[in-house]
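My notes are below, in the order in which I looked things up.

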Number of protein chains: 2
Amino acid sequence: MSKRIITISRQFGSGGHSIGKMVAGRLGIPCYDNELVTRMAEESGFDASFIRENGEKVSTYTGADLFYGMGISAGPTFSTLSLYDRLYITQHNIIRDIAEKEECVIVGRCSDYILSERDDCVHVFIYADNDYRAERILRLYGDNGVKIEKRMKDKDSQRISYYEHYTNRDWGNPLNYHLCLNSGFIGDELCAEMIIKAAQK
Amino acid sequence: MSKRIITISRQFGSGGHSIGKMVAGRLGIPCYDNELVTRMAEESGFDASFIRENGEKVSTYTGADLFYGMGISAGPTFSTLSLYDRLYITQHNIIRDIAEKEECVIVGRCSDYILSERDDCVHVFIYADNDYRAERILRLYGDNGVKIEKRMKDKDSQRISYYEHYTNRDWGNPLNYHLCLNSGFIGDELCAEMIIKAAQK
């Protein structure tokens, strides 16, 4: 294809992961989502379940800045950074490395920003109406006891904070993407078709 | 088609008008853009060139609110409203009337918001990178002596203020649309194809 890499940012429950898998399957290329977690676990030494839980959270630990401000070190080193910052840097490097080596789909984790300087990428944002997402989340992940509206809001807020903290951009601003698709309206199938067309153009 | 009406919101210079015309031409339905101006001129009594110049501007006149606040009338009447508000109400009614009567494409003028309660519409947002828009504006409309960056910023700001004033929504927020397309990246041709597919789904 003319664009080697497809990044997919997504609202919780919008089906971004499934659409990414569908696109990758049809193009015969890997889709990095959980696979990114495995790689991060290998390279960072953190447990995969810890990364899955914390890989898109924001640092509140300021120890590194404190050391830096006190002039104790020449600047924050990897080991003085918070766990969250270390996870971000690890995944940043892995995503750049993957993009350098192979055609692929990458879901989430600021990949649109991390690869924004490359001109061989298509950046996609998948979203949907709340009713569609709520039905999908309950059907696929089950009811965890938390009210569905709160569950969606909390997860979206977490992703927004994470994205805005590390990128200094507005999450979901169309100007950061080439294609923004309402999966609830368009359907997974047509979303995948449109993404492939945009990548092959 | 399964959706009767396509609304297209657009950044200045992104080609939203051309894409709307292309979609309408292929579907054999009318595209309302300048045609909306003609109808507004007929129904409001304003000159078409005045409407073209002022049809997407925001009111700064508060006379109607003042009368209303003083209890002089039971509420603002059409004749006490500012010219801009009267234009907005006229076009609001025309857009609702058109949507009721025929399949069509409508470009700009808060049509996505005005028709947001209908379930037979596809709402599209067209945007592009600044370089693409600048080149397109200069090629199609010529150089008017104003620096191109300022020209784009002024026109976008005007549309944003107009949209946000009358709709109380964020302009360009993907959640208000079914499809947001970067025309500079995707190209007019593929944008039109994607819009038609979404409408016919």
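These entries go from the contact between the chains to the symmetry, the sheet and the salt bridges.

**Entry 1: the model.** I am working from a predicted model. I keep that in mind for every value below.

**Entry 2: extent of the contact.** I looked up how many residues each chain brings to the contact. Chain A gives 24 residues and chain B gives 24 residues. Between them, chain A and chain B bury about 2000 Å². Carbon and sulfur atoms account for 68% of that area.

**Entry 3: polar pairs across the interface.** I counted nine residue pairs in polar contact between chain A and chain B, both residues of a pair being at pLDDT 80 or more. I then asked which elements of chain A supply at least two residues each of the side that touches chain B. They are β4 (121-127), β5 (179-182), α9 (183-186) and α10 (188-200). With five residues, α10(A) supplies the largest share of that side. Sorted by class, the side of chain A that touches chain B has 15 nonpolar, five polar and four charged residues.

**Entry 4: salt bridges across the interface.** The rule finds two salt bridges between chain A and chain B. I noted one of them by name: the side chains of A:K197 and B:E193 meet at 2.4 Å, N to O.

**Entry 5: symmetry.** A rotation of 180° with 0.0 Å of shift along its axis superposes the two, with an RMSD of 0.0 Å. The two copies are therefore related as by a two-fold rotation axis. Which residue of chain A comes closest to the rotation axis? I found A:C180, with its C-alpha at 2.4 Å. I also compared the interface residues: 100% of those in chain A are also interface residues in chain B, so the copies meet through the same surface.

Entry 6: β5(A) pairs with strand β5 (residues 179-182) of chain B in the antiparallel sense, over three bridges. I looked up the bridge partner of A:C180 in β5(B), and B:C180 is that partner.

**Entry 7: the whole sheet.** I traced an open sheet of 10 strands with mixed pairing. The order reads β2(A)-β3(A)-β1(A)-β4(A)-β5(A)-β5(B)-β4(B)-β1(B)-β3(B)-β2(B). At the edges stand β2 (31-32) of chain A and β2 (31-32) of chain B, each with a single partner strand, so one side of each has no neighbour in the sheet. In chain B, β2(B) pairs with strand β3 (residues 104-107) in the parallel sense over two bridges. There, B:Y32 has B:I106 in β3(B) as its bridge partner.

Key. Residues numbered from 1 in each chain as written. Chains lettered and ligands numbered in written order. Predicted model: local features only at pLDDT ≥ 70, side-chain atom pairs only at ≥ 80, totals over all residues. Heavy atoms only, no water. Contact = heavy atoms within 4.5 Å. Buried area = accessible area lost by both parts, 1.4 Å probe. Salt bridge = Lys/Arg side-chain N within 4 Å of Asp/Glu carboxyl O. Polar contact = N/O pair within 3.5 Å; in protein donor to acceptor, adjacent residues only side chain to side chain. Helix = DSSP H or I, 4+ residues; strand = E, 2+ residues; numbered from the N terminus. Nonpolar A, V, L, I, M, F, W, Y, C, P; charged D, E, K, R; others polar. Pairing = 2+ DSSP bridges. Least-squares fit on C-alpha atoms with pLDDT ≥ 70 in both.
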